[in-house]
Amino acid sequence: PKQQKAAVAAPVAADSQVLPSKEANLFRSVVRLYESKQFKKALKIADQIVKKFPNHGETLAMKGLVLHNLKKPEEAHQLVKKGLALNFKSHTCWHVYGLLYRSEHKYDDAIKCYQRALDRDPENSQIMKDLSMLQIHRRNHEGFKETRRKILVRKPSNRNNWVAYAIAHHLCDDHEQALSVIDAFLNTIKDEVKTPKFEDSELLFYRNMILVEFGQYQAAYDHLLEIKDQVVDKLHWQECKASLLFRLGRLSEADVEYRALLAFNSDNHLYHHKLIECMGIKPQQDGKYSEEDTSKLLKLYEELTQQF
């Protein structure tokens, strides 16, 4: 019978951009060590790969990024550029170049590199997150909104993606859409049986804040009453209630709420100022109070002194 030949893997060329499994695992170690800021260890392993594959673009780029964190900026730029030139189609090389620019505070250049990286790997969530962070840093709210939309579409199970997308609409002054995004997320968790969680509570307060900013004070007040049992921070809830009653012109009710808040914390200056406003006491143009208002203030603080 004809003797079967053992299957032998073809050797990988030294200038190949695809590493064999052993070196590929080493490359992943370089990335992990970089992310954990173990730069010297990362450099040592990168050198192992480069020794065997001197023209591997992604390793050269990562080595350059590591060297930049070891205070060798000139060598870092040379290696990252060389790595990119050797593997121009690599999303990793473009991402690394962006990270290098970001560390030098060259944010617009970093954004361009991230966008090039996404052209080559449109579904890479880490690059999208990095891009969105720089977009918000540069006040590119529309770009931030679109990037956060893509991240949400890719991973709708992550609550942070919903919140970030709502914030993006809020920053673009699209209050109605921001509310719609929050409501859509809350609708996905409404059937969960649970005690109130702090993060859900804060999201409800955020929704209420958007209504206030939008000038919908009555809707905000109604919403606040609806969420009373769902929020954790009861003090903040009471502060919001007092503030909204004041905004709605329901001053006698707001007066009661601010007095209750003062009973909780008599040293809070804001509570004092708001209570005085509820009583219609305002300084004159010269900054002084009229005799009538002065009399009211003296009477108020006599009462508060006896109470506290």
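Reader: How much space lies in the largest cavity?

Author: This is a predicted model, where local features need pLDDT of at least 70, side-chain atom pairs count only at pLDDT 80 or more, and totals for chains, interfaces and linings use all residues. Residues are numbered from 1 along each chain as its sequence is written, and side-chain values use heavy atoms, with hydrogens and water left out. On a 1 Å grid over the protein atoms alone, a cavity is a set of points where a 1.4 Å probe fits but cannot get out, while a pocket is an open set with protein on both sides within 12 Å along at least five of seven lines; lining residues have an atom within 4 Å of a point. With volume taken as the space filled by probe spheres set on the points, joined across faces, edges and corners, the largest cavity holds about 30 Å³.

Reader: Which helices each supply at least two residues of the lining of the largest cavity?

Author: The lining is made of Trp162, Val163, Ala166, Val181, Ile182, Phe185 and Leu203. Helices here are DSSP runs (H or I, at least four residues), numbered from the N terminus. The helices that each give at least two lining residues are H9 (159–171) and H10 (175–189).

Reader: Thanks! Which helix gives the most to the lining of the largest pocket?

Author: That pocket has a volume of about 610 Å³. Its lining counts 23 residues, with Val31, Glu35, Met62, His95 and Leu99 nearest the centre. Helices H1 (21–35), H3 (57–69), H5 (91–103) and H7 (125–137) each contribute at least two residues. With seven residues, the one that gives the most is H5.

Reader: How many of the 13 residues of H5 are buried?

Author: Buried means under 20% relative accessible area, using a 1.4 Å probe and protein chains only. Among the buried residues of H5 are Trp94, His95 and Leu99. They pack against H1, H3, H4 (73–86), H6 (107–120) and H7, where contact means heavy atoms within 4.5 Å. Of the 13 residues in H5, the number buried is ten.

Reader: And Lys63, is that residue buried or exposed?

Author: Lys63 is found in helix H3. Not counting residues up to four places away in sequence, Lys63 touches Leu43, Ala46, Asp47 and Leu79. Because its relative accessibility is 14%, Lys63 counts as buried.

Note on methods
Buried < 20%, exposed > 50% of the residue type's maximum accessible area, 1.4 Å probe, protein only.
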